[in-house]
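Work through the exercises below with the sequence and the model open. Each task is followed by a solution in steps.

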Amino acid sequence: MKSNYRQLGQYIRQVDLRNKDGKDENLLGVSVQKTFIPSIANTVGTDFKKYKIVKKGQFTYIPDTSRRGDKIGIALLKDYEEGLVSNVYTVFEIIDKKKLIPEYLMLWFSRSEFDRYARFKSHGSVREVFDWDEMCKVQLPVPTYKKQKKIVDSYNVISERINLIRKVNDNLEAQLSTEFHRIFDNDKTNECTIGDYGEIISGATPSTANDEFFCDKGLVWLTPKDLTSTGLKFITKGEVDITTEAYNSCSTKMLPIGTVLLTSRAPVGTVAIADKELCTNQGFKSIIPNSNFGSEFVYQFLKENKALLDSHASGTTFMEISGNVLKSVPAFAPKQENIAKYKKFCSPIYNQQRSNEKEILLLKNMLKILLCQLSSR
């Protein structure tokens, strides 16, 4: 163990404060993105007195790691004064916040290395559990309070900048939506279907049994998560690339720049635009727009009509919209001069959004570097 590393157990203690009053508001769950989320549990007939109270500045984690892939659900409560969590969750707090800052510890938990460590240390026959004893054995660098605060402040400054840029892009997106309705709401001159907008292409996944098919630098290949987890509009990279051999082994197809990417399941209706030649898995029904419609119109139409797409989805395990069904979804073909007008309006806004998203990616890379540097301190 490095000289500045300490066992976490000397800094934390469990908290088991029960909801004796039986309150049933602000029920919270914990996501693998390491944030608190509104609970989606079925609470019919639930005895809320068994729920645990978590207070601002305290942590909650889910000991059961067997159903969450390679991630552990853990979060620091910052947005509420208190909330309620399941009694199977573990709530804990830092004993002395002058020795270990909660936000600094949360940064340590945010590292992918911690997820791998927690999964490795999980044990059990029916389900694997990262129990309290193992949590207390976690080793981490604990620099001085001043250094911890400097790291946390740096992380927060970058995060706040990312949030600010996202808000700017959201405002620009709202302008695009307003102009779309202004131009086209009274221009639904010809009925057509989404199939008339362009060629609809599905993707595929190479064999996951062959680890050599997947790499860091190869052909860009997307899953729906690459859209939903990043929130980016212009896509140039996924979490993992595939090799040429992997591409040739399955039925996925390379899509040109300007293809409108549409997730067809998990979830249905997330939209983005390919800003680089790429391919996808089977969770997409992407549209290569015809020249008389263009990416701008097709993208915005799909985004404005998510409810319409949802209404055509079906499935038992999960909702999905097939390529044949998507082709038949009702749409409209506006006048060409109005499509040209909308494209002209979009051009400067798209350029600004692209620039903003490039800055977001740079800033997120800075956050990754900052987290990686924690272990070297």
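Predicted model: local features only at pLDDT ≥ 70, side-chain atom pairs only at ≥ 80, totals over all residues.

**Exercise 1.** Locate Asn26, give its phi and classify its accessibility.

Step 1. Asn26 lies in the loop between β2 (12–15) and β3 (28–30).
Step 2. Its phi is near 60°, which is a positive value in a residue other than glycine.
Step 3. Asn26 has a relative accessible area of 27%. Buried requires under 20% and exposed over 50%, so Asn26 is partly exposed.

**Exercise 2.** Which residues does the cis peptide bond at Pro267 join, and where is Pro267 found?

Step 1. The bond links Ala266 to Pro267, with omega about 0°.
Step 2. Pro267 belongs to the loop between β17 (260–264) and β18 (268–274).

**Exercise 3.** Determine how many residues of helix α1 (residues 102–109) are buried, and say what follows for the helix.

Step 1. List the buried residues of α1: Pro102, Tyr104, Leu105, Met106, Leu107, Trp108 and Phe109.
Step 2. That makes 7 of the 8 residues in the helix.
Step 3. Helix α1 is therefore largely enclosed by the rest of the structure.

Terms used
Residues numbered from 1 in each chain as written. Heavy atoms only, no water. Buried < 20%, exposed > 50% of the residue type's maximum accessible area, 1.4 Å probe, protein only. Helix = DSSP H or I, 4+ residues; strand = E, 2+ residues; numbered from the N terminus.
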